[in-house]
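We will go from a single chain to the places where chains meet.

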There are 4 protein chains.
Amino acid sequence: MESPNPHYKEAVERGFGDAAFVADLGIVLADYGPGWCTATLVLAPRHMQQTGIVHAGVQTTLADHTAGCAAMSMTPAHELILTVEFKVNLLRPGTGESLWCRAQVLKPGRKFHVVESEVYAIAGDKKTLISKLTGTMAVLPRK
Amino acid sequence: MESPNPHYKEAVERGFGDAAFVADLGIVLADYGPGWCTATLVLAPRHMQQTGIVHAGVQTTLADHTAGCAAMSMTPAHELILTVEFKVNLLRPGTGESLWCRAQVLKPGRKFHVVESEVYAIAGDKKTLISKLTGTMAVLPRK
Amino acid sequence: MESPNPHYKEAVERGFGDAAFVADLGIVLADYGPGWCTATLVLAPRHMQQTGIVHAGVQTTLADHTAGCAAMSMTPAHELILTVEFKVNLLRPGTGESLWCRAQVLKPGRKFHVVESEVYAIAGDKKTLISKLTGTMAVLPRK
Amino acid sequence: MESPNPHYKEAVERGFGDAAFVADLGIVLADYGPGWCTATLVLAPRHMQQTGIVHAGVQTTLADHTAGCAAMSMTPAHELILTVEFKVNLLRPGTGESLWCRAQVLKPGRKFHVVESEVYAIAGDKKTLISKLTGTMAVLPRK
């Protein structure tokens with residue numbers, strides 16, 4: 001994929017920096033390119049549902065925000081991204097030291113992008129797919 | 001609806017008390033009965049995406065957890081609830097002083113319940129529907 | 001709700017008349033108004049998955065098309081509707097003489113509408129909710 | 001993936017043969033193995049929404065049924081598959097001579113499988129991804 005924004009890196013970096021909730025949880029931008037983005041989260045007791053199991057809301061925040069940044073990388077400079085809807089399938093209980101997420105634009109568009117995110121739990125040297133998000137991200141003019 | 005658990009109140013209360021992430025965000029159980037549950041969240045800067053707009057992850061955490069507690073109210077005492085999947089439609093930007101969520105079991109079942117949650121933003125005396133979740137909650141034996 | 005198209009009735013009727021697949025299945029427009037639409041389908045052996053159970057594809061076609069017509073009723077005359085995505089929960093096995101569907105716009109918008117459809121199975125004088133669709137319908141310029 | 005049913009081929013073939021609606025549309029089983037299945041549909045005017053565009057209901061029927069058969073291949077002999085829910089993203093208008101669908105089990109389970117289907121439109125020697133389904137398939141005892 002090729003980005004329509006020559007300065008898309010700035011837009012993706014800003015997409016992470018601007019979001020207070022993402023910073024509050026401890027989610028960190030890892031890497032990105034045109035049409036994709038990765039991010040990580042070191043797990044702490046406050047992220048849990050019950051002892052040792054990551055809350056679905058934490059997984060969704062990571063998956064949605066990383067998807068938004070992947071979408072941002074395919075968006076012209078004068079426009080921005082807003083999540084319209086997503087679906088999340090929780091595949092396995094999330095346990096381990098950290099989460100790693102990779103988002104990939106499945107279909108870029110002029111009015112909206114369709115993006116998929118996969119969330120993995122990292123425990124030692126084991127990496128397990130724990131959830132998958134599919135979402136629609138609207139492309140809107142910046143004010 | 002009628003609960004199959006005569007002590008369902010205890011189960012719903014425990015469902016809120018047990019979840020570290022829900023407490024960390026500030027989500028508070030408001031009210032509940034057989035097949036439904038309500039919860040609230042006083043908004044703070046850390047819940048935001050950009051200034052003044054609640055992050056989709058906050059809305060989802062509130063909607064999913066309240067749905068889980070509504071599901072819990074329709075679940076026998078020897079079983080518990082695990083979210084299988086959900087879809088969230090973000091309908092309007094979330095702004096205001098607090099969020100209020102009402103979850104309602106659409107179809108209770110022996111193996112899983114289907115639950116809907118509506119999230120409203122409260123600004124002064126105005127209450128606006130900002131997102132809707134539909135989810136599938138598995139009914140599993142307690143260990 | 002109030003329609004932005006004074007001739008929305010014509011647009012809804014055309015929405016049903018134009019679709020070969022909907023006519024082929026036997027789906028018939030029942031009633032409509034601003035923001036809602038109903039349709040019916042008399043069941044035949046060819047609609048089944050196994051003997052006596054309606055195929056999910058039949059339910060989805062009915063739910064999606066009725067949702068599209070409800071969306072059409074809230075769309076300006078120079079624009080049309082295209083389904084972006086939907087989620088369907090199959091709640092109970094569909095059996096009986098016919099299906100009845102009611103679609104309701106949950107949130108109208110300038111760029112897309114969010115619509116919900118409920119599908120009921122009719123058996124004698126019994127009416128049972130068998131599935132629910134939530135969908136996003138894009139509002140696009142007519143060529 | 002490895003099938004828990006040594007006679008899974010029989011179960012998958014029967015899954016296609018039993019469904020009247022799938023036969024009525026003209027959907028044909030193409031190939032399959034443990035955890036995956038492919039199927040095709042030669043397009044005719046009756047499958048259309050408007051001239052030349054395949055109805056979302058046709059795409060969903062193909063995607064859901066192929067997903068069910070992929071799920072069937074990962075299911076013990078004494079159990080069967082029932083669709084709980086699915087989400088479909090319509091990515092591009094479906095036009096061409098035929099549709100081709102590949103379903104893949106993302107996560108097999110004892111109580112339900114999560115399956116993804118991709119639907120492609122075939123026009124001459126061009127193959128275009130037009131929709132993607134993610135679904136939850138319950139594993140239930142045969143009566």
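The paragraphs below start with one chain and then move on to its neighbours.

Keep in mind that this is a predicted model. Let us begin with chain A. Its secondary structure comes to three helices and eight strands.

A compact globule of 143 residues would have a radius of gyration near 15 Å, and chain A, with 15 Å, agrees with that. Of the 143 residues in chain A, 52% count as buried.

Now look at where chain B meets chain A. Here 26 residues of chain B are in contact with 26 residues of chain A. Three elements of chain B, namely α2 (20–25), α3 (56–72) and β3, each supply at least two residues to this side. Which of the elements gives the most to the side of chain B that touches chain A? That is β3(B), with eight residues. Sorted by class, this side of chain B has eleven nonpolar, nine polar and six charged residues.

The strand β3(B) also takes part in strand pairing. Five bridges join β3(B) to strand β5 (residues 79–90) of chain A, and the two strands run antiparallel. Find K87(A) on your screen: its bridge partner in β3(B) is K87(B).

Chain B touches chain C as well. In this case eight residues of chain B are in contact with eight residues of chain C. The elements of chain B that give two or more residues to this side are β3 (79–90), β4 (98–107) and β6 (126–141). By class, this side of chain B has three nonpolar, two polar and three charged residues.

How are chains B and C related? In general, two copies of a chain are related by a rotation about an axis and a shift along it. For this pair, a rotation of 180 degrees with 0.0 Å of shift along the axis superposes chain B on chain C, with an RMSD of 0.0 Å. The two copies are therefore related as by a two-fold rotation axis. Both copies use the same surface, since 100% of the contact residues of chain B recur in chain C. We also meet K87(B) again: of the residues of chain B, K87(B) comes closest to the rotation axis, at 3.8 Å (C-alpha).

Definitions and conventions: Residues numbered from 1 in each chain as written. Chains lettered and ligands numbered in written order. Predicted model: local features only at pLDDT ≥ 70, side-chain atom pairs only at ≥ 80, totals over all residues. Contact = placed C-beta atoms within 7 Å. Helix = DSSP H or I, 4+ residues; strand = E, 2+ residues; numbered from the N terminus. Nonpolar A, V, L, I, M, F, W, Y, C, P; charged D, E, K, R; others polar. Least-squares fit on C-alpha atoms with pLDDT ≥ 70 in both. Pairing = 2+ DSSP bridges. Rg over C-alpha atoms; globule rule 2.2 N^0.38 Å. Buried ≥ 20, exposed ≤ 12 C-beta atoms within 10 Å, placed from the backbone.
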